[in-house]
Amino acid sequence: MTDTTPPAGAAPPAKDHGRAGRDLKAAVASAVVLLGAIGASLYFWKPAFMLIVAAAVVVAVWELRKGMLAKDIDLPEQPLMVGGVVMVVVAYVSSAEALVTATAVTALVIMLWLLRRGVDGYVKNATASVFTLVYVPFLGSFVALMLAEGGDTWTGGGLDDDGVAGILTFILVTIASDIGGYVAGVLFGKHPMAPVISPKKSWEGFAGSLLACLGAGWVLVVYLLEGDWWVGLCLGVIAVVMATLGDLCESVIKRDLGIKDMSQVIPGHGGLMDRLDSLLATIAPIWLLLHYAVF
């Protein structure tokens with residue numbers, strides 16, 4: 001009989017989660033907790049949701065810095081985190097124009113901050129820092145712009161608020177893309193979409209995401225936002241394309257850095273950026289569509 005007992009001190013073998021690629025029970029439990037916190041903040045006092053967004057920006061910056069250290073890229077955490085929170089707040093209480101100004105000022109502060117380190121590595125660290133600034137705080141601030149569509153930024157909540165309805169639409173249609181792609185990919189996935197970048201992503205999964213997003217977009221825009229049906233279909237197409245691209249872009253980043261997950265802060269999901277990739281990619285075009293076609 002062959003002895004399959006691992007030697008003393010050896011690391012336990014990684015658990016195989018099948019074609020899903022994740023611990024489904026832990027993933028569902030984490031998702032329920034996160035969505036519960038988001039839903040409660042939006043229903044009772046929507047400024048609390050901005051606290052969640054600001055905290056997410058801080059954690060995401062921390063994860064990206066941790067990941068980039070693998071390639072000897074050292075992001076300046078302090079100005080990125082502080083500037084990112086300021087950008088979120090400015091977008092919520094003011095306007096898109098103010099967000100652009102806050103982003104430019106933060107980028108300048110970061111470049112000046114890095115001068116203290118000297119010449120070696122300046123271009124590399126400054127370039128990665130501005131990339132991070134745009135990727136996380138700038139795109140994340142469009143969530144604040146969406147919530148501000150309901151006006152009354154310091155009070156309120158509930159589905160009667162246009163901003164809250166817009167946020168729920170944005171989140172749910174992006175989740176629909178994830179669920180549709182997951183189910184179709186696990187059941188029917190045979191043709192890889194980008195095998196070098198993301199081996200588990202298939203064209204069958206993309207088709208499932210498309211169908212789920214079209215259905216969710218139509219229902220949410222027509223019945224929750226009281227908009228035109230064609231806007232819902234446009235929303236679905238935008239969501240599936242951008243969510244897929246966002247997921248692929250984050251996969252490229254992780255492969256380039258040589259890491260599997262950004263961190264392990266969310267059980268069953270990995271890092272926060274592993275969940276934000278699709279949301280960050282979809283929020284700006286969805287806000288533009290709803291801002292001009294619905295609100």
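**View 1. A salt bridge joins Asp161 and Lys46.** In this predicted model, the two side chains meet with N and O 2.7 Å apart. Asp161 sits in the loop between helix 5 and helix 6, and Lys46 sits in the loop between helix 1 (24-44) and helix 2 (47-68), so this pair ties together parts that are 115 residues apart in sequence. Both partners, Asp161 and Lys46, are buried. The pair belongs to a structure that holds eight salt bridges.

**View 2. Helix 5 and helix 6 cross at roughly 140°.** Helix 5 spans residues 122-147, and helix 6 spans residues 162-188. Their axes come within 7 Å of each other. From helix 5, the contact draws on Val143, Met146 and Leu147. From helix 6 come Gly163, Val164, Gly166, Ile167 and Phe170. Six of the contact residues are nonpolar and two are polar. None is charged.

**View 3. Asp74 pairs with Arg65 in a salt bridge.** Their closest N and O atoms lie 2.9 Å apart. Asp74 is partly exposed, at a relative accessible area of 25%. Arg65 is partly exposed too, at 22%.

**View 4. Asp178 and Arg275 form a salt bridge between two helices.** Here the closest N and O atoms are 3.3 Å apart. Asp178 belongs to helix 6 and Arg275 to helix 9 (residues 273-293), so the bridge ties together parts that are 97 residues apart in sequence. Asp178 has a relative accessible area of 35% and is partly exposed. Arg275, at 25%, is also partly exposed. Elsewhere, salt bridges with shared partners link Arg65, Asp74 and Arg117 into one network.

**View 5. Glu250 is a buried residue of helix 8.** Helix 8 runs over residues 229-257. How much relative accessible area does Glu250 have? The value is 1%, and Glu250 counts as buried because the limit for that class is under 20%. Which residues does Glu250 contact, once neighbours within four places in sequence are left aside? They are Tyr135, Met262, Met273, Asp274 and Asp277.

View 6. Setting aside residues up to four places away in sequence, Trp62 touches Glu77, Met81, Ser263 and Val265. Take Met81 from that list. Trp62 and Met81 are 19 residues apart in sequence. In space, their C-alpha atoms are 8.3 Å apart.

**View 7. Two annotated segments are 100% helix.** The unreviewed UniProt entry carries the annotation "transmembrane region" for several stretches, among them residues 48-64 and 205-224. Others in the record include residues 24-42, 99-115 and 127-148. The record also lists residues 163-184 and 230-253. Over residues 48-64, the chain is 100% helix and 0% strand. The end C-alpha atoms of that stretch are 25 Å apart. Residues 205-224 are likewise 100% helix and 0% strand. Their end C-alpha atoms are 27 Å apart.

**View 8. Asp72 has a positive phi in a loop.** The angle is near 60°, and Asp72 is a residue other than glycine. Asp72 belongs to the loop between helix 2 and helix 3 (77-93). Is Asp72 buried or exposed? With a relative accessibility of 57%, Asp72 is exposed, because that class takes values over 50%.

**View 9. Glu226 also shows a positive phi.** Its phi is about 55°, although Glu226 is not a glycine. Where is Glu226 placed? The residue lies in the loop between helix 7 (203-224) and helix 8. Glu226 is exposed, with a relative accessible area of 71%.

Technical notes:
Residues are numbered from 1 along each chain as its sequence is written. This is a predicted model: local features need pLDDT of at least 70, side-chain atom pairs count only at pLDDT 80 or more; totals for chains, interfaces and linings use all residues. Side-chain values use heavy atoms; hydrogens and water are left out. Axes are lines fitted to C-alpha atoms, for helices over the stretch in contact, and angles run from 0 to 180 degrees between N-to-C directions. Helices (H or I, at least four residues) and strands (E, at least two) are DSSP runs, numbered from the N terminus. Contact means heavy atoms within 4.5 Å. Ala, Val, Leu, Ile, Met, Phe, Trp, Tyr, Cys and Pro count as nonpolar, Asp, Glu, Lys and Arg as charged, and the others, Gly among them, as polar. A salt bridge is a side-chain nitrogen of Lys or Arg within 4 Å of a carboxyl oxygen of Asp or Glu. Buried means under 20% relative accessible area, exposed over 50%, partly exposed in between (1.4 Å probe, protein chains only). UniProt positions are given in the numbering used here, feature names are shortened, and annotations may be inferred rather than shown by experiment.
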